[in-house]
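My notes follow in the order I took them.

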Amino acid sequence: TLQVAMAFALMSSLYGDFMQALGASVRIFDLLDRQPEVPNEDGMILPEMDGSVEFQDIHFTYPSRPETEVIKGISFQVKPGEMIALVGPSGGGKSTLVNLIERFYDPNSGTIALGGQDLKDLDPCWFRQKISMVSQEPTLFACSIKENITYGREATTEEILEAAKQANADEFISTFDDGYDTLVGERGVRLSGGQKQRIAIARALIMNPALLLLDEATSALDAESEHLVQEAIDRAMKARTVIVIAHRLSTVRNASKVIVIDKGRIAEMGTHDELLALNGVYKRLVLRQLTAGAMPPDNDTDTQIDKQ
Ligand code: ATP
């Protein structure tokens, strides 16, 4: 914990210098981009973390936009081992909910519990080690691939290799002359979006998080890369508690529960089949958005979905 706390403190203090030194194109982790509202005071460390999450009547307004309430009374539960899919129109609040779980911000009212304990009572450095986020456009350090995978943690070469293999990253990493010591960023190799994502997945795997937060890619990856990323994501999701901002039909169909977030509220919640039967927002989303071009926008679509 101390090591991670120190690494975070160091990264925070160096961030400005780093950015200047590296130029704007290489960014450190997403979380350092944000302005956490939360002081890093010491909190509780639980003997065990089961990855469960509970939102109770959460209201939230971004401090920079005090006139707009973004989350308007959201409650839901994620049990250990469940895979929960968040879906909904752009701007509805899905990413905000994920940000709140990582405690980049505190809600204005309501409580969020992680592992059965109010987030506010937990040591942020500790619980962030129990959570991994794989975002659509993961940002990597301007250091070696190995360091990007270990994220400042101690790990053996075998562990790093295994995580990279599971993440479908070992193969492309091995093609570099310096292998895992290859530098990424401006002075190193340029990685494709899919390759970056697979490194981020390897990082998540090595953390072995109790809770995995995932933002599925909507950005265009080439077909092969998309397949490799998806396979890696599927492996990372296995036997774990997962909250995924979902854009793929196969993900929502496998989810224990799908939560449709619209304008800061839960519009619908249930399994894929239950929600389709409602014939409401979710069905329209499946027809229009989730599928993102995977299905023809004509009347046949209904039949195809019913056949899923
Ligand atoms: P998308 O699918 O496009 O990613 P989303 O459902 O994840 O959308 P959010 O990104 O959570 O939605 O955004 C919810 C609302 O909060 C939007 O109106 C957005 O403009 C606003 N918002 C998001 N981030 C911030 C921020 N850092 N500061 C102020 N407002 C924000």
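I started with Met 237. With 18 C-beta neighbours inside 10 Å, Met 237 counts as partly exposed. The cut-offs I used: buried means 20 or more other C-beta atoms within 10 Å of a residue's own, exposed means 12 or fewer, and partly exposed lies in between, with C-beta atoms placed from the backbone. Met 237 sits in helix 9 (residues 223–237). Helices are DSSP runs of H or I with at least four residues, strands are runs of E with at least two, and both are numbered from the N terminus.

I then looked up its contacts, setting aside neighbours within four places in sequence: Met 83, Leu 212 and Val 242 touch Met 237. A contact means two C-beta atoms, placed from the backbone, within 7 Å. Asp 121 is 116 residues from Met 237 in sequence and 27 Å away in space, C-alpha to C-alpha.

A note on the source: this is a predicted model, where local features need pLDDT of at least 70, side-chain atom pairs count only at pLDDT 80 or more, and totals for chains, interfaces and linings use all residues. Residues are numbered from 1 along each chain as its sequence is written.

Next, helix 6 (residues 157–166). Ile 160, Ala 163 and Ala 164 are buried there. Down the axis of helix 6, the buried residues fall within an arc of 100°, so they line one face. That arc is taken over the directions from the helix axis to the C-beta atoms. The buried residues of helix 6 pack against helix 5 (145–150), helix 7 (170–174) and helix 8 (193–207). Just after helix 6, I found Asn 168 with a positive phi of about 55°.

Then the ligand. Residues around the ligand include Tyr 62, Arg 65, Val 70, Gly 88 and Lys 94; the test is a C-beta atom, placed from the backbone, within 6 Å. Helix 3 (residues 94–101) gives the most to this shell, three residues.

Four strands form an open sheet, order 2-1-4-5, with antiparallel pairing. Strand 2 (69–78) and strand 5 (117–118) are at the edges with a single partner strand each, so one side of each has no neighbour in the sheet. Pairing requires at least two bridges found by DSSP. Strand 1 (residues 53–61) and strand 2 pair over seven bridges. His 59 has Lys 72 in strand 2 as its bridge partner.

Of its 308 residues, 35% count as buried.
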